[in-house]
Amino acid sequence: MLAQILAVVIFVVMFIFIIAEIAERHVVSLLSALATLILVFGFGMQSLEKAWNTLSLEHFFSPAFWYAKAGSLEESGGINWETIVFIFGMMVMVEGMAHVGFFRWLCMRIAKMVKYRIIPIFFTFMILSFILAMFIDSITVILFLAAVTIELAELLKFNPVPMILSEIFCANLGGSATMCGDPPNIIIGTSLHYSFSDFITNTGVMAAVSLLFVLVYFYFIFRKDLISKAKETDYSSLPSPESTITDRKGFLISSLIFLVTIFLLVTHAATGLTVSTVGVLVAVVTLAFSGKNAIMILKKVDYKTIAFFIGLFVVIGGLEQTGILEIVAGFIGKISGGNLMMMVAIILWLSAIASAIVDNIPFATTMIPVIKALSLSYGVDLSTLAWTLAMGTDIGGSATPIGASANVVGVATAAREGYVIKWGYYLKKMLPATIMVVFISMVLIFMKYL
Amino acid sequence: MEHQLIISIGREFGSGGHEIAEKLALHYNIPLLDQNLLDEIAKEKEVNVDSLKEMDEKYTNKLFRRTIRGFSSSPQDNVAMMQFEYLQNKAKQGDSFVIVGRCSEDVLKDCKYMVSIFVLGSKEVKRERVMKLYDLNEFMAERLMHEADTKRKRYHNDFCEGKWGDSRNYHISVNSSLLGIEETTKILINFIDCFCNSSDHKQSLAQ
């Protein structure tokens, strides 16, 4: 009982500190992890073994961690090193790609391809945002897309805000389509042992269907804003796509690494290579081909996010080991009366609402043991609950400016160039789209799985 | 001005800090930057200034803000950062100016040619001044003073390490109520002249 109380208190305090930004989130999560190890496992449970299990360090020495066909990893909860290693590898790859000008080139290439016409740019950038976010983090996608959108808006004399908002939404939607698109999906996939193709054939289908509605919705609400105020446009002031490439050889290598990574991810269930192995391979190859820039790339990796994940896994491990999450699962099971349709609706809308307000990563991490317990207790299909959780957490984040990382980066990039996006305006345009997609996802889940 | 000079002025509401800033700008024949800073930024970026002014010198509730890798979701934060960056660039370019508020004593602390001033005043004198300026009764004047200072304090302390009004963060803190605005300005001019003639200032200009 004492351990349970301590675990809940640490979790709640951590959440409050993160929301109120009292300290940086990685500092908060690491200190909370330390408190969990000492107070929950040491003082409350008096179990060194459980504390050790939560660190999950032995996973690195298990062949199954690197090669799925070598067996299965012992379920211990705690730190999900597969997620950590994979995210690290992808961060290295993305930094390498950004360094050689890949993303800026891609955006400029597409804009030129559609002859710098606003409406085609609007649609192609939304689709580009969706596709890129399927494979790389949405922060990077929006960082480059929003910057290029503003650059084009200044030349073509249109308001970039509608386009940036649409790109943000599509980045979050694209992230829901694959296992590596959004951190909650990586955590769900690695924790519950789903593959890339499991995601693409489930959440991917839902995201693709939703994208069609989203394209129509955003065009309908923004069509009057997407008009150029320029009488004449001097396209020569725009950089040519080729001139945005800072290192031609590096560009070709980065593009090749990106394509090979997608191939490895798509086929990882068949080849048996785990996402940890893919992450390590990607990082090693990127750094090997980066030469003297390798150190700079390594320095640019977002270690704070990695530290945040590590701390978070330990705190959630505390909740899991003390049985708190089983109580939460029992509560959801009770109010749904064991009815799967009701469970899906609760998990989907609860995840969406929670993710609109708080970081979706801690929420998804907390909910994974909950859906596992629900599946065990009520005999419902775990994968259905997993896709529901993924869609809810990934899509719900689009609703508010603070719901997802892509929103924050997009809103900030626009504001720094003088295009202020207020909460009211953001909610007016993005909240209906979020509700629409959550509703579409619910209908699709009901139709496909129930 | 022969050499670069930046005068940063923080002030309590009603203390006459803004008026002193105007007088200093006139005396040294350098531009005064206050709310017009956003006009300049908006003109440069070709954006609507009204939307920026709505967010000027305002504090964001932490519950409605999220920061990721140095990016903030808060429009207020972004407008503030935009102004800080603009001021730093202006300082780097060697421009001279008087800047009112905008955390300038902290934002420009690395600039060797900056002198920072905080103008405060006694409650009674400030209240009298606010009542006259805004045609308010005693109660409303005090309320306005309290609200304005609370906002300035929260905004300042949100972005700066040092606390708003803490004399340790400024080169000089002066109570304008004792001698009045004219005399206080004269004292400050004397102080700034000494600063400009100081060996440190001359040495840094020679470098």
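## A loop residue in chain B

B:C103 sits in the loop that runs between strand 5 (97–100) and helix 5 (104–107) of chain B; helices (H or I, at least four residues) and strands (E, at least two) are DSSP runs, numbered from the N terminus. This is a predicted model, where local features need pLDDT of at least 70, side-chain atom pairs count only at pLDDT 80 or more, and totals for chains, interfaces and linings use all residues. Residues are numbered from 1 along each chain as its sequence is written, chains are lettered from A and ligands numbered from 1 in the order in which they are written, and side-chain values use heavy atoms, with hydrogens and water left out.

For background, most residues other than glycine have a negative phi. B:C103 is also buried, with a relative accessible area of 2%; buried means under 20% relative accessible area, exposed over 50%, partly exposed in between (1.4 Å probe, protein chains only).

## Chain B as a whole

Chain B has nine helices and seven strands. With 207 residues, a compact globule would come out near 17 Å in radius of gyration, and chain B agrees at 17 Å; that radius is taken over C-alpha atoms, and the globule rule is 2.2 Å times the number of residues to the power 0.38. The C-alpha trace spans about 50 × 45 × 30 Å along the principal axes of chain B.

Of those 207 residues, 51% count as buried. If you look at contacts in chain B (heavy atoms within 4.5 Å) with a separation of 6 or more, residues 24 or more positions apart account for 68% of them. The accessible surface of chain B is about 10700 Å², with 49% belonging to carbon and sulfur atoms; such areas come from the Shrake-Rupley method with a 1.4 Å probe, and for residues only the protein chains shown count as cover.

On charge, chain B carries 29 positive and 33 negative side chains, with the centres of the two sets 5 Å apart. Lys and Arg count as positive and Asp and Glu as negative, while His and the chain ends are not counted; each charge is placed at NZ of Lys, CZ of Arg, CG of Asp or CD of Glu.

## Chain A as a whole

Chain A has 23 helices and zero strands. Its 450 residues would give a compact globule a radius of gyration near 22 Å, and chain A has 22 Å, which agrees. Buried residues make up 60% of chain A, and the chain exposes about 17500 Å², 71% of it supplied by carbon and sulfur atoms. Chain A has 26 positive and 26 negative side chains, and the centres of these sets lie 11 Å apart.

## Two loop residues in chain A

A:Y116 is in the loop between helix 6 (102–113) and helix 7 (118–135). Phi of A:Y116 is near 55°, again positive in a residue other than glycine, and A:Y116 is buried at 11% relative accessible area.

A:T178 lies in the loop between helix 9 (160–177) and helix 10 (183–192), and counts as buried at 0% relative accessibility. Beyond its neighbours within four places in sequence, A:T178 is in contact with residues including A:M134, A:N185 and A:F196.

## Where the chains meet

How many residues does each chain bring to the contact? Chain A gives 29 and chain B gives 23. About 2500 Å² is buried between chain A and chain B, with carbon and sulfur atoms giving 56%; buried area is the accessible area (1.4 Å probe) that two parts lose on being put together, summed over both. On the chain A side, A:E21, A:R416 and A:V420 lose the most area to chain B, together 25% of what that side buries.
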